[in-house]
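I opened the model to look up its surface, its fold and its core. My entries follow in the order in which I made them.

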Amino acid sequence: KIALQEKSLTRILLGAMAAIVARSMGSILQKHGYSEVRKIGEGSFGQALLVQEQNGAKLVCKMIDVSQASAKEAQDTRKEAQ
């Protein structure tokens with residue numbers, strides 16, 4: 001029973017964390033004038049989103065979480081984005 005309860009709690013926590021991340025990503029997009037249309041892909045370090053500008057243009061936005069990356073990985077990611 002304890003292992004089952006731990007798994008249930010883990011699922012609840014992961015779901016809550018995903019909701020927090022989704023809200024913060026939405027606020028980051030809004031801050032820069034975009035709104036999320038839908039998620040079009042997901043990988044180990046982030047996701048690709050179809051976003052829409054205020055003028056209606058649609059673009060793909062690649063959101064990458066570098067919080068767990070090494071300094072070199074984070075630097076390489078920033079270089080790729082530029």
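Entry 1, surface. I looked up the accessible area and found that the chain exposes about 6800 Å², with carbon and sulfur atoms supplying 56% of it. The area comes from the Shrake-Rupley method with a 1.4 Å probe. I noted that this is a predicted model, in which local features need pLDDT of at least 70 and side-chain atom pairs count only at pLDDT 80 or more, while totals for chains, interfaces and linings use all residues. Residues are numbered from 1 along each chain as its sequence is written, and side-chain values use heavy atoms, with hydrogens and water left out.

Entry 2, burial. Of the 82 residues in the chain, 12% are buried (under 20% relative accessible area, 1.4 Å probe, protein chains only).

Entry 3, fold. I found two helices and three strands, in the pattern α-β-β-β-α along the sequence. Both kinds of element are DSSP runs numbered from the N terminus: helices are H or I with at least four residues, strands are E with at least two.

I took contact as heavy atoms within 4.5 Å. Among contacts between residues at least 6 apart in sequence, 8% join residues at least 24 apart.

The three strands form an open sheet in the order β1-β2-β3, with antiparallel pairing. β1 (34-42) and β3 (58-64) stand at the edges with a single partner strand each, so one side of each has no neighbour in the sheet. From one strand to the next the twist averages 30 degrees (axes are lines fitted to C-alpha atoms, and angles run from 0 to 180 degrees between N-to-C directions). Two strands count as paired if DSSP finds at least two bridges between them; seven bridges join β1 to β2 (residues 46-53). Arg-38 stands opposite Leu-50 in β2.

Which residues does Ala-48 contact, leaving aside neighbours within four places in sequence? I listed Lys-39, Ile-40, Gly-41, Val-60, Cys-61 and Lys-62. Ala-48 and Lys-62 are 14 residues apart in sequence, and their C-alpha atoms are 4.4 Å apart.

The largest nonpolar core holds six residues: Met-25, Leu-29, Leu-49, Val-51, Cys-61 and Met-63. The elements giving two or more residues to this core are α1 (2-31), β2 and β3. A nonpolar core here is a set of buried Ala, Val, Leu, Ile, Met, Phe, Trp, Tyr and Cys residues joined through side-chain atoms within 4.5 Å. Not counting residues up to four places away in sequence, Met-25 touches Gln-47, Leu-49 and Met-63.

Technical notes
Buried < 20%, exposed > 50% of the residue type's maximum accessible area, 1.4 Å probe, protein only.
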